[in-house]
Amino acid sequence: MNPQLILPFSVEISFGVIAALLATASFTSIGLVHSRPERNYTELRLRIKTWWLIVAVFAVAVLFNRAISVIVLGFVSFLAFKEYLSLIPTRRADHRVLFWAYLAIPMQFYWVYIAWYGLFIIFIPVFMFLILPTRMVLVGETQGFLRALGTLHWGLMITVFSLSHMAYLLVLPPEVNPAGGAMGLLIYLVFLTEINDVAQYIWGKSFGRRKISPKVSPNKTVAGFLGGVTTTMLLAVALGPYLTPLTQLEALGAGVLIGLGGFVGDVTISALKRDIGVKDSGSILPGHGGILDRLDSLTYTAPLFFHFVYFLHY
Amino acid sequence: MLRKLFYLFISKPLALVILGINARGREHLPLQGPAIIVANHNSHLDALALMSLFPLAVIDKVHPVAAADYFLRNRIIKWFALNVIGIIPLERKATEKGADVLAPVFDALDKKAILILFPEGSRGEPESLSRFKNGIAHLALECPEVPVIPMFFYGLGKALPKGEFILVPFFVDVFIGAPMRWEGSRSEFMRQLNQKMLALQEQANITDASDL
């Protein structure tokens, strides 16, 4: 029998809680539509509906077996990288170079699948870093070379290397984490990162006045940031024993890391969008925008949290 | 049958998984013939991406109009173009004096087809819009009751430009304009059509570094 079919109790509870939270959001929004018909809640309704879809995809990614996890998360990386390339200026001459960059995605996720940590951790930062310019030089177009190379490798790092850490959390030896099993760490990371986003938004809307980074992200406030980080810290400590091998103090550290990292990931993608002059990174997720609009925080929290846990326990 | 299989196993997965198509103005997409769709032409993928927008039930009605000299040039391509893609071949040069090159097109419209035309002629430079040729005005003059729907595609010229055979995934934006009808004069019709296409193009976020 497939061992992952017997889910740890904490994992079952986690998905129960997520479903309950979303159901509450759905009912609240339906209630709002009825009690205040004069206001338009289409965007909110769309946003919550898409959340259900995201949770469903995440459940598929987490709950079955390693092959399905790696394929689903690899596909998410592919969508993010494709969205990034569609957003930024690319040179026509680099057509074949872009193709090579895409090939890095199945390879990177294959290293995850066979749990080859050494290659997983250097493949994109070292080998792709050397291979892409080599291929570009073979094309021979020097105009805009540095910009094309820099933007391409940065995108690969953010959308493939960073996000593939989510998948690697699933292949870490499960016996180290008896409470959460193989998927506990990933659920912990993704749940806290998304809650951190939502908490920063709610704290900011309720109490925020002083802008934290007016030029990049005018909606971000000091109160939202501090409130969000505090909420994430408290939840990190509360959930730590059920999903992770972290001690109380370590869980507090993980909460701070996810709170800070989530914020930086968010504003980094905002800065990118501002530079290009778009509001959303795409339109694949109705009510949210593009896939990068949803994954922005995870591009920072995934590698940060992974290496924090890896250093302490694996 | 072949066309439906091709649609289900090639066009649709390509459009949904490899590329990803964001259509704006989908309500203008004609689901009943006769109708004429005019689009910019940047890639061999244009026709496939366009057909993927339609539901399976009407796919048999959708036919790209394509150059006979190019697509009928050998037996394999001819079989594929006629039976799998379902093109209506058009002679670019009249073979005999007085012969109406557009006759097969009129026939198809009589049978309530939804035709896809690329009035730029051949695939242009990626993502740039060349002026439309006049054939389309002639068609509108002869069939004034048939709606003409302008569409602008952005991204396909990056995914598979002319002269390349390796496909690189990119998101594709499609902007579908409101239907137009014959306006009483050729030049006026062409002016409005070109203007509409430019307006659709302006909605796209063009990020081809070679154009900067």
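In chain A, helix H7 (residues 184-207) and helix H11 (residues 298-313) pack with their axes 10 Å apart and at an angle of about 140°. That makes H7(A) oblique to H11(A), a word kept for angles left over once those under 35 degrees are called roughly parallel, those over 145 roughly antiparallel and those from 65 to 115 roughly perpendicular. This is a predicted model, in which local features need pLDDT of at least 70 and side-chain atom pairs count only at pLDDT 80 or more, while totals for chains, interfaces and linings use all residues. Residues are numbered from 1 along each chain as its sequence is written, chains are lettered from A and ligands numbered from 1 in the order in which they are written, and side-chain values use heavy atoms, with hydrogens and water left out.

**Helix packing in chain A**

- Two packed helices are described by the angle between their axes and the distance between the axes; the axes are lines fitted to C-alpha atoms, for helices over the stretch in contact, and angles run from 0 to 180 degrees between N-to-C directions.
- On the H7(A) side, A:Leu185, A:Tyr188, A:Leu189, A:Val190, A:Thr193 and A:Glu194 meet A:Leu298, A:Thr301, A:Ala302, A:Phe305 and A:Val309 in H11(A), where contact means heavy atoms within 4.5 Å.
- By class, the contact of H7(A) with H11(A) holds eight nonpolar, two polar and one charged residues; Ala, Val, Leu, Ile, Met, Phe, Trp, Tyr, Cys and Pro count as nonpolar, Asp, Glu, Lys and Arg as charged, and the others, Gly among them, as polar.
- Helix H3 (residues 66-87) and helix H4 (residues 95-113) of chain A cross at roughly 155°, and their axes come within 10 Å, which makes H3(A) roughly antiparallel to H4(A).
- H3(A) passes H4(A) in a right-handed crossing, and the residues of this contact divide into 13 nonpolar, two polar and two charged.

**The sheet of chain B**

- Chain B has an open sheet of seven strands in the order S1-S7-S6-S2-S5-S3-S4, with mixed pairing, and two strands pair if DSSP finds at least two bridges between them.
- Its edge strands, each pairing on one side only, are S1 (21-24) and S4 (88-90), and the twist averages 25° from one strand to the next.
- Strand S2 (residues 35-39) runs parallel to S5(B) and is joined to it by four bridges, with B:Ala35 opposite B:Ile114.
- Strand S3 (residues 62-67) of chain B pairs with S5(B) in the parallel sense over three bridges, and here B:Val62 has B:Ile114 as its bridge partner.
- From strand S5 (residues 114-117) of chain B, B:Ile114 and B:Ile116 point one way and B:Leu115 and B:Leu117 the other way, and all are buried (under 20% relative accessible area, with exposed over 50% and partly exposed in between, for a 1.4 Å probe and protein chains only).

**Loop residues with positive phi**

- A:Ala115 has a positive phi of about 55° although it is not a glycine; A:Ala115 lies in the loop between H4 and helix H5 (117-139) of chain A and, at 32% relative accessibility, counts as partly exposed.
- B:Lys112, also not a glycine, has a positive phi of about 60°; B:Lys112 is found in the loop between helix H5 (103-110) and S5 of chain B and is partly exposed, with a relative accessible area of 49%.

Methods
Helix = DSSP H or I, 4+ residues; strand = E, 2+ residues; numbered from the N terminus. Left-handed = near helix turned anticlockwise from the far one by under 90°.
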